[in-house]
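Trainee: I am new to this structure. Please take a close look at a single part and walk me through it.

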Amino acid sequence: MAASKVRQILYTPVTCKTLCLSFSSFPSGQNSTKTLISTAVSILRHQRSKSRWSHLQSLFPEGFTAAEASQIALEIKNNPHLALSFFLWCHRKSLCNHTLLSYSTIIHILARARLKSQALGLIREAIRVFDESDECSAQPPRIFESLVKTYNACGSAPFVFDLLIKACLNSKRIEQSISIVKMLRSQGISPTISTCNALIWQVSRGGGCLAGYEIYRELFGSWDDECNEKAMVRLCPNVHTFNALMVCFYRDGGVEKVEEIWAEMGRWDCNPNAYSYSVLMAAFCDEGRMIEVEKLWEEMQIKKIEHDIMAYNTIIGGFCRIGEIEKGEELFREIELNGIQSTSVTYEHLIKGYCEIGDVDSAAILYKDMCRKGFSAEARTVDLMITLLCNNGRVHEALTLLRVAMGNVEFAPRGKSYETLIKCFCEEGKMEEALKLQSKMVAKGFKPKFEIYSAFIDGYMKQGNKEIAETLRKEMFETQMLQEEN
């Protein structure tokens, strides 16, 4: 729909008293229609809920046209729950073949009353029922034009378009969302900042961080842009806008761009929150820039921004990655003293740090404490623990650790855990234990690698069982040949 049409519809004064007359749905002089509407409205307003529906159906067994249903709903718009019940009752009893008109009317009523979830549900349904375009189409759904046409007559508010945009975003109709935003902004109607942020986030997820940044610039311009005739609405980004951009660039490895967004946030006089600091610190931690991380940590204290668990986890992880476990432990103790609840991430950072420096006792103590608190470790952490325990001759303890981890139905072991344990059992000559693990490994869908074959061959050779060793060697070569052929 052309932008000029949107302007004409939204800014044309309402001269008719009723929605139905505005769209010439009722023939002039048809008093029976007015009587039908007034009777239905009276029943809905004054009769009890148990009797009103049966009474309506007995009086109007043929039901209502979409225009009549729309006008009835509009007459009781100050009771939005009742209006919604009427709309749904008509649909359920097949007393009205709802059209875009009746859908738009009830959506406006619900949006006007801030009944967000109910309005969103009907918008999604209207898109599904009346829209034939695919998700990649840039053409706005048909319900958009209908909502524009019924906007003034329903006494609606721009919030209804925020709901439409969010419904499109929820349905992965990104291009349609962008088109709607552009049309509205060209007419001086701006979506709320939360809707803009949701659009930036979804575009970034689907098209990459640069696409998200492009939408950001289109919505907000630059901090020093002057308002012009084309930009009728000057919308300012908030901290959540910048956080969304920073996270997207961070996930794509664009540390420099994260710093740029941080600087731009300052130029907009937008104050960062704890989440903002955590994202920037995470970017610095990944590059080992811990001096800058500590400066940010101190800056948070000066600005009286509370260090939350995400900030603690970020800086602890940074220290553990560069081997400064003592500083990580000090911050871990600070968490406990401040009454902040640690998470599985807190423990995993420290456990991985101790595994990297080979401190098996400290890693084992933390791992047990982590399990005692009901946290589940990631598969990579379990791998590291098993490797560290096996390297220190604590194979049975490593096997117990794997069994406990597998007690969690959500835990998916990696092949490396099995491989490490099998190698250790083979080295110790405990071939029965190694075979049991090999059986479980295959049952989990892992194929034996050449390292596993070699471990079993060496183990059987140490036992003097050359026959089995030779059989395994032949099997290993046959497997290798099959893989090369494929």
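Mentor: Glu397 has a relative accessibility of 27% and therefore counts as partly exposed (buried is under 20% relative accessible area, exposed over 50%, partly exposed in between, with a 1.4 Å probe and protein chains only). This is a predicted model, in which local features need pLDDT of at least 70, side-chain atom pairs count only at pLDDT 80 or more, and totals for chains, interfaces and linings use all residues. Residues are numbered from 1 along each chain as its sequence is written, and side-chain values use heavy atoms, with hydrogens and water left out.

Glu397 forms a salt bridge with Arg394, the closest N and O atoms being 2.9 Å apart; the term means a side-chain nitrogen of Lys or Arg within 4 Å of a carboxyl oxygen of Asp or Glu. Arg394 is also partly exposed, at 24% relative accessible area.

Glu397 is in helix α23, where it is one of the residues that meet α22 (contact means heavy atoms within 4.5 Å). On the α22 side are Val382, Met385, Ile386, Leu389 and Cys390. By class, this contact has ten nonpolar, no polar and one charged residues (Ala, Val, Leu, Ile, Met, Phe, Trp, Tyr, Cys and Pro count as nonpolar, Asp, Glu, Lys and Arg as charged, and the others, Gly among them, as polar).

Helix α22 covers residues 379-391 and helix α23 residues 395-406 (helices are DSSP runs of H or I, at least four residues, numbered from the N terminus). Their axes come within 8 Å and cross at roughly 165°, the axes being lines fitted to C-alpha atoms over the stretch in contact, with angles from 0 to 180 degrees between N-to-C directions. The two helices are therefore roughly antiparallel, a term for angles over 145 degrees.

Definitions and conventions. Parallel < 35°, antiparallel > 145°, perpendicular 65-115°, else oblique.
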